[in-house]
Amino acid sequence: MQRDENDLVEYGFRRVIITITAILCALLEIVDTTIVNVALNDMRGSLGASLTEIAWVITAYAIANVIIIPMTSWLSKQFGRRNYFATSIIIFTAASFLCGNADNIWELVTFRFIQGLGGGALLVTAQTIITESYPIAKRGMAQAIYGMGIIVGPTLGPPLGGYLVDNYSWPYIFYINLPIGILATFLTILYVRSPKYGSKLKAKQVDWLGIFLLAMFIGSLQFVLEHGQQDDWFEDSVILSLSIASLFGLILFIWRELTYDNPIVNLRVLKDGNLRIGTLMTFILGFGLYGSTFIIPIYTQSILGFTATDAGLMLIPSSITTGIMMPFIGKMLQNGVPQKYLVTAGFSIFFIYSLWMFLVMTPDTGTEHFFWPLVVRGVGLGLLFVPITTLSLSTLKGKDIGDGAAFTGMTRQLGGSFGIAIITTFIARTTQQHRVDLLPNISAINFKVQERIHGLQQLFISKGYSFNEALDKAYKMLDFTVTKQATVLSYMDVFLFLGVLFLICVPFVLLIRKNAGKVGEISNAH
């Protein structure tokens, strides 16, 4: 087993090509998670879809992602890593072409689901390939390189999607995948090698029940998270039924995987303490990464009136900062800096970023106010992603690396889904509460309120409206101002909540085993 693992370590030109190929594929998958967000209105118009129907373009992709991610390690062993990786790229690329050519909303949703099945496999398999291609002492640097694609992807999607939609049309957000997918397929076939981790299973040995229970658990959970807020959560019979299905699916799935001889997901790998802690921290990282990537464009567009492209571009400094930091973090790990110190610093810096965002948010906040907090966010992400990823896989070897990567990939995606669902609900509920709290301050007998209404009325009269029309519009404008202020307060609450969440995570870092503290120590141990 050790010999097979060492055989996969690559050197020189071959390792460079394999690394580039894996990053390209990971970047493709991550970008496609967010690139459609800015194109939904255009899709809705050209395909004649309702708001609920168009939401399935995102939901179908996410459900397919989280169903396939835990299965990638098993599928790699069953079909050979190179064959599985190449096939996944082909599925993703072909589905991208079909998405661009969809004639109606349900065709697009179907092809997005297929695209998600290919894409989810790319993410985890790319991480496994990069990890195995480097010797253990250099895996910190390997994860830093991989991390650049994972961190940059979510923030690259919205501005790229906005540019393509504004200058071309929405199908081009899918067509852009074609040349990269074709190139990645050829590079995979030529350069990627498969480990020999055991023989294939016969059809009757395959854990078909495990596959069904996994799909039941993850698929139902993802639907609940995506649609819970708009359907009023457990007041809706579908959401309630799927929540129950997800819970029973999880319980039965765990039972099945722990008792079956050839499980589809190897839960026993969670006996590794570092993987357990790393999985928890990866969930929190996904919560913060996808949650903040989701909330900032929404805030800047709905409150500050930014265009989709401008809102996406604003996140670029954060991504550039993270990208610049990644090699330095990898080098620090290589030189023996304990992971727990870097992770503690990362959580603390994310707390500072969240607190800073809480303090600068007003209805008049400009781009210049966001620049430095977002740079700080980039530093925090850099300090978190690489150490957490290397920690999670640090004491694993052989075939367990793929199983561990599948767990971290799944929990990062689920963390993002939970983050977006909780933040969306939180904003909706707290906006209503803040509005209720603000309204008593708007009294008709208050002189400043009367002065404000009179000023607005005169403004509308000067634009040609009658006395009564102007007064009606003045009241509506005042109501809009109250709602806007309530929304700003709710976003402030979200950032405070995120900051406290990251601060609470710091004690968990103390649970990291000493022998996983330094990459150099791991190298010697092996």
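1. In what follows, a helix axis is a line fitted to the C-alpha atoms over the stretch in contact, and angles run from 0 to 180 degrees between N-to-C directions. The model under discussion is predicted.

2. Two packed helices are described by the angle between their axes and the distance between the axes. For helix α6 (residues 81-100) and helix α10 (residues 177-191), the axes come within 9 Å and cross at roughly 165°. Angles over 145 degrees count as roughly antiparallel, and α6 and α10 are therefore roughly antiparallel to each other. The crossing of α6 past α10 is left-handed.

3. The residues that form this contact can be listed from both sides. Helix α6 contributes Arg-82, Phe-85, Ala-86, Ile-89, Ile-90, Phe-92, Thr-93, Ser-96 and Phe-97, which meet Asn-177, Leu-178, Gly-181, Ile-182, Ala-184, Thr-185, Thr-188 and Ile-189 of α10. By class, the contact comprises 10 nonpolar, six polar and one charged residues.

4. Apart from neighbours within four places in sequence, Phe-97 is in contact with Tyr-175 and Leu-178. Phe-111 stands 14 residues from Phe-97 in sequence, and their C-alpha atoms are 9.1 Å apart in space.

5. Helix α17 (residues 367-393) is a further element to examine. Its 27 residues span 39 Å from the first C-alpha to the last, close to the 39 Å expected at 1.5 Å a residue. Of the 27 residues of α17, 21 are buried, so this helix is largely enclosed by the rest of the structure.

Methods. Residues are numbered from 1 along each chain as its sequence is written. This is a predicted model: local features need pLDDT of at least 70, side-chain atom pairs count only at pLDDT 80 or more; totals for chains, interfaces and linings use all residues. Side-chain values use heavy atoms; hydrogens and water are left out. Helices (H or I, at least four residues) and strands (E, at least two) are DSSP runs, numbered from the N terminus. Angles under 35 degrees count as roughly parallel, over 145 as roughly antiparallel, 65 to 115 as roughly perpendicular and the rest as oblique. A crossing is left-handed if the near helix is turned anticlockwise from the far one by less than a right angle, and right-handed if clockwise. Contact means heavy atoms within 4.5 Å. Ala, Val, Leu, Ile, Met, Phe, Trp, Tyr, Cys and Pro count as nonpolar, Asp, Glu, Lys and Arg as charged, and the others, Gly among them, as polar. The expected span of a helix is 1.5 Å times one less than its number of residues. Buried means under 20% relative accessible area, exposed over 50%, partly exposed in between (1.4 Å probe, protein chains only).
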